[in-house]
Amino acid sequence: MALDYRKCAEEIVSNIGGRENVAQAAHCATRLRLVIKDNGKINKANLENVDGVKGMFENNGQLQLIIGTGTVNKVYDEFLAVTGMSAATKDDVKAAAAAQQPAWKRALKSIGDVFVPILPAIVASGLLMGVVEALGKVWPSFAETDWYGFLDMVANTAFAFLPVIVAVSAARVFGGNVYLAAVIGLMMVHTGLLNGWNVGSEEAINSFFGISTGQIPTWNLFGNIQIGSYTLGSIARHGYQGHVIPVIIAIWVMSKLEKWLHKHVPEMIDLFVVPITTVFVTALFTFVVIGPIFAGLENYVLQGAKWLVQFGPGAMIMGALYPLTVVMGLHHMYNVIEAGMLSSVGLNTWMPIASAANFAQFGACLAVGLKCRNAKLKTVAIPSSMSAALGITEPAIFGVNFRFMKPFLCGMAGGAAGALFGALTKIGATAYGVTGIPGYLTIDSPGLYTILLLISGGVAFGLTMFFWKEEAPAGGASIKEAAGKTVSDASGGGSASGGAFAQDAGFEQKVVIKSSGGEILQPTPGKVIPYTEIPDPTFAAGTLGEGVGVEPTEGVVYAPYDGEISSVAESKHAIGITGENDQELLIHVGVDTVEMNGDGFNTLVAEGDQVKKGQKLMEFDISKIKAAGHPDTVVVLLTNSDDYEDVTFG
C-alpha cells in the first residue's frame, strides 16, 4: 500500500510539538532534518511509529527522521504545506541548529572546528618536539650539533607560528578571507615584537630591545592619555607565540567586520576599501584591546600561582587549573616561577605540578583513543596522547580533551591529585622547561616522580573511561524493530547470513570513495569513472551527491561496507545503504532504468536489512539494460557528501 504522504507529514508535526516548535526544516536524500526549539515537546515513542518514519536520531542539534530515497522529498513538500514553512537548505538547518545550542557549546564547537583541520600539523610537531628535547637532555653534546638545530627548527615551526595556522583555520570557520587572516596571524608573531615566550625574562627583554630596565617598551598611539592606570592606545611590543584564544577572537572580529564592509561598501571600491580597512581595524583591536586584557590576565595568574604553590591545597588547585592556562595561552609565563625557585632555593618544585597536569591530559586523551570506535578520532587521540606524555599537550587538549570537555575536566582532576602528591612529597627538579617523561632527566626523586605520573595519568584515565561516552554515529540510533529483519523476510529471499559474498566470487573490492566517515568499496566489477563522466546530467552535476560511476563487466552489486539498507526502489534498480558515521550511499544501476519497471533486476535485500561488506545485494541483466536503450553505468553516490570536508575518490 502506497504511503499517504500528507498523513505522514501531519503525524510528524503533531508529535514534534506543532509548527511553533520547529525552528527550521530541510531534507537530504533519505532524511527529514528538523531543528526543534524544545525537545521536551517531542513524543518520541509515537514519532517512531508514524507510518513512513523508518527511524529517528538526534545529531548536532538536529532531529533527523529516516524516511527513504524518493519518499522524503514528497513528505517534505507536505510538511511545508502543513506547517506553512518555507523550504530551507541543509546549511540553513545546520545554522539554525547551531544557534539553538547554548553559548558555551557554540564556543567549544567553534574551537573544535578551528583545531580539527590543523591537528596533523600540531600532532606531528608536538611528538617531534618532545623527542628532540628529550634527546638534547639525555645527550647534552647532541644539543650542540647541527642535527639538533635542524630538528629543533623543524619540530617547533608549527608552534612558533601557531597563531598563523590558527588564524587561517579560524577564517574558514567564521567565513573570513584566509589571506587577510594570515596577515593578522603573522602580525601577532612579527619579528619586530619580542617573542611571546620571553615576556617574563628580563634578560631576554633587555637583550631584544637593547635596554637595561627589564620592562617591555610600549607604543602609545594616542600619547599619554590616562584612564586610571591604563594608557589609552598603549601597545606592549611583544608577540603572541603560543596564544590561541586571542587569535580566534581576533579572526572572529575580522570576519564579522569584513562581511559587514562587503555589504555596505560600493562594489566599485570594494577591492580597495574592504581589505585595508579590515586589516587595520582588526590589528588595532587585537593589539589595543585583546593585548591588554591578556597581559592583565597573565599578571593576575602569575601572582596567584606564585602564592598558591606555597601550600599543598594551592598546588592541587594549580594542578587542576594549569590546562586552562594552556587553553588561554598563558602558561609560558610559569618559566618565571621556575627560574625564581632555582635561583633562590636551587629546586624547582613547580615542575611536578606542571608535569602532573600535563600527564593527566595524556591519561584522559589516551582513554578517549582506546575507548572510541571512530577511526578518525582514534588516529588523532593516540598520537596526541603520546605527545602529551612527552610534555607537549596542545594536540591532546585542543584536538581531543577540550573539544569533548569531559576528558578535559577528568584531566583537571587527575592533575589536581598528582600535584597534591608532588607538594606533599616535596619533590622538585634541577632545571625547567621539561615535563612528563622527559622530566626524569631533571627530577630529584625518580621513584616518587613515577608515582606522581601514575596518580595523575591514572586518575584522569579512569575518570575518562567511566564518564566519557562517545556520541553514537548519526544514523545509528533508534531504528525501528523492522531494521533487524533478515533478508529471508523480504521478497526475493535468502538470508543475510547465507548470501553470496564478493570474495566468494573472486571479486576484490577496492576503495573508491574516502572521507572522514570511512571507506566505501567498489560495489560492482568493472571500470571506475569519475561521477562527472556519468552519462546523465543530474548525476554528473553532483546534484544528488558526489561519488563514482562503474562501467560493469558483471551484473551484480555487492555491499560496499557494513550497514543497513535504507531503501530499495520499487523498480528494483536502486538501493540506498546507511553506514557508520552517517554515510548515506545510493547505488543506482543504469541511467533512466526506472522505466524498466524491475525487468532485468533482482534485489536480494529489503529495507531495514543489516548487511556486511561484500555481501551480494542485487543481480541485474546488462544485456536487457542495453536492449532497452539505457546506459548500464552503475552510479555510486555519497548522497550526503556535503557533510564531509575530506571526500576523495580513487
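## Salt bridges, ring pairs and strands in a predicted model

Glutamate 619 is partly exposed, at a relative accessible area of 33%. On this scale, buried means under 20% relative accessible area, exposed means over 50%, and partly exposed is in between (1.4 Å probe, protein chains only). Before going further, some ground rules: this is a predicted model, in which local features need pLDDT of at least 70 and side-chain atom pairs count only at pLDDT 80 or more, while totals for chains, interfaces and linings use all residues. Residues are numbered from 1 along each chain as its sequence is written, and side-chain values use heavy atoms, with hydrogens and water left out.

**Salt bridges**

Glutamate 619 has a charged partner: its side chain meets that of lysine 616 in a salt bridge, at 3.2 Å from N to O. The term covers a side-chain nitrogen of Lys or Arg within 4 Å of a carboxyl oxygen of Asp or Glu. How many salt bridges does this rule give? The count comes to 5.

Another one ties glutamate 78 to arginine 6, with the closest N and O atoms 3.1 Å apart. This pair links distant parts of the chain, since glutamate 78 sits in helix 3 (residues 72-83) and arginine 6 in helix 1 (residues 5-15), 72 residues apart. Helices here are DSSP runs of H or I with at least four residues, strands are runs of E with at least two, and both are numbered from the N terminus.

Lysine 626 and aspartate 632 also form a salt bridge, and their closest N and O atoms are 3.9 Å apart.

| Residue | Relative accessible area | Class |
|---|---|---|
| Glutamate 78 | 24% | partly exposed |
| Arginine 6 | 36% | partly exposed |
| Lysine 616 | 19% | buried |
| Lysine 626 | 54% | exposed |
| Aspartate 632 | 12% | buried |

Salt bridges that share partners also join Arg6, Glu10 and Glu78 into one network.

**Aromatic pairs**

On to the rings. A pair of aromatic rings is described by the distance of the centres and the angle of the planes. Rings of Phe, Tyr and Trp (its six-membered ring) pair if their centres lie within 6.5 Å; planes under 30 degrees apart count as stacked, over 60 as edge-to-face, and the rest as tilted.

The structure holds 12 aromatic pairs. One of them is edge-to-face and brings together tryptophan 147 and phenylalanine 150, at 6.0 Å centre to centre with 80° between the planes. These two residues are 3 apart in helix 7 (residues 146-160), so about one helical turn separates them. Tryptophan 147 counts as exposed, at 58% relative accessibility, whereas phenylalanine 150 is partly exposed at 42%.

Phenylalanine 208 and phenylalanine 209 make an edge-to-face pair as well, with 4.8 Å between centres and 85° between planes. In this couple, phenylalanine 208 is partly exposed at 38%, but phenylalanine 209 is buried at 16%.

**Helix 8**

The buried residues in helix 8 are Leu162, Pro163, Val164, Val166, Ala167, Ser169, Ala170, Ala171 and Phe174.

**Strands and sheet**

Two strands count as paired if DSSP finds at least two bridges between them. Strand 9 (residues 511-515) runs antiparallel to strand 10 (residues 518-521), with 4 bridges in the pairing, and a hairpin of 2 residues connects strand 9 to strand 10. Valine 511 has leucine 521 in strand 10 as its bridge partner. Strand 9 is also joined by 2 bridges to strand 21 (residues 648-649), again antiparallel, and lysine 514 stands opposite threonine 648 in strand 21.

There is an open sheet of 7 strands too, antiparallel in its pairing and ordered 11-12-20-16-15-14-18. Its edge strands, each pairing on one side only, are strand 11 (526-530) and strand 18 (610-611). Strand 11 pairs with strand 12 (residues 546-552) in the antiparallel sense over 5 bridges, and isoleucine 529 has glycine 549 in strand 12 as its bridge partner. In a regular strand the side chains alternate between the two faces of the sheet.
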